Amino acid sequence: MKTFYVVDLDEDKVILRGSHNECAKWADRHNAKVIGCGGDPCFVVREEREVSNWDRDDYQFPRLLAEIMATQDKLDYDALCESMDLTPDRINELFDRADAAWERVKEETCR
């Protein structure tokens, strides 16, 4: 059950009403930080916290899959196919897409 609610929302800030702990959890999940408390309690959150490459799922998930394909000679395709309810061709397609995504990330971040 949510113990806070959004009071106001604009481009660079969100005002939440609720416990400081719950607002801090919301801020963490939304790549934001609590920057002030205005009473009763009301928390202002600005969405501008810098995110490291390590914290970016859109970077690390394709990287993980690409590295698994590059390093795992004995990947259990049967178990993976069964677990994901996919054919080996579909699994390979996902690995190829992950590899392509990882190559794009490297190209964008290594300039």
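1. Basis of the note. This is a predicted model, in which local features need pLDDT of at least 70 and side-chain atom pairs count only at pLDDT 80 or more, while totals for chains, interfaces and linings use all residues. Residues are numbered from 1 along each chain as its sequence is written, and side-chain values use heavy atoms, with hydrogens and water left out.

2. Secondary structure. The protein contains 4 helices and 4 strands. Here, helices (H or I, at least four residues) and strands (E, at least two) are DSSP runs, numbered from the N terminus. Read from the N terminus, the order of the elements is β-β-α-β-β-α-α-α.

3. Burial and surface. The protein has 111 residues, of which 21% count as buried. A residue is buried under 20% relative accessible area, exposed over 50%, and partly exposed in between (1.4 Å probe, protein chains only). The protein exposes about 8300 Å², and carbon and sulfur atoms supply 49% of this area. Accessible areas come from the Shrake-Rupley method with a 1.4 Å probe; for residues, only the protein chains shown count as cover.

4. Contacts along the chain. A contact means heavy atoms within 4.5 Å. Among the contacts with a separation of 6 or more, 34% involve residues 24 or more positions apart.

5. Salt bridges in general. Side chains of opposite charge can pair when their charged atoms come close. The term salt bridge denotes a side-chain nitrogen of Lys or Arg within 4 Å of a carboxyl oxygen of Asp or Glu. A search of the whole structure finds 3 of them.

6. A linked group. Which residues are linked in a network of salt bridges? They are Arg-90, Glu-93 and Arg-97. Between Glu-93 and Arg-90, the closest N and O atoms are 3.2 Å apart; these two residues are separated by about one helical turn because they lie 3 residues apart in helix 4 (residues 88–109). Between Arg-97 and Glu-93, the corresponding distance is 3.6 Å, and their spacing of 4 residues in helix 4 is again about one helical turn. Glu-93 is partly exposed at 32% relative accessibility, as is Arg-90 at 46%, whereas Arg-97 counts as exposed at 51%.

7. A further pair. Glu-103 forms a salt bridge with Lys-106, with the closest N and O atoms 3.0 Å apart. Being 3 residues apart in helix 4, the two are separated by about one helical turn. Glu-103 is partly exposed, at 39% relative accessible area, and Lys-106 is partly exposed at 30%.
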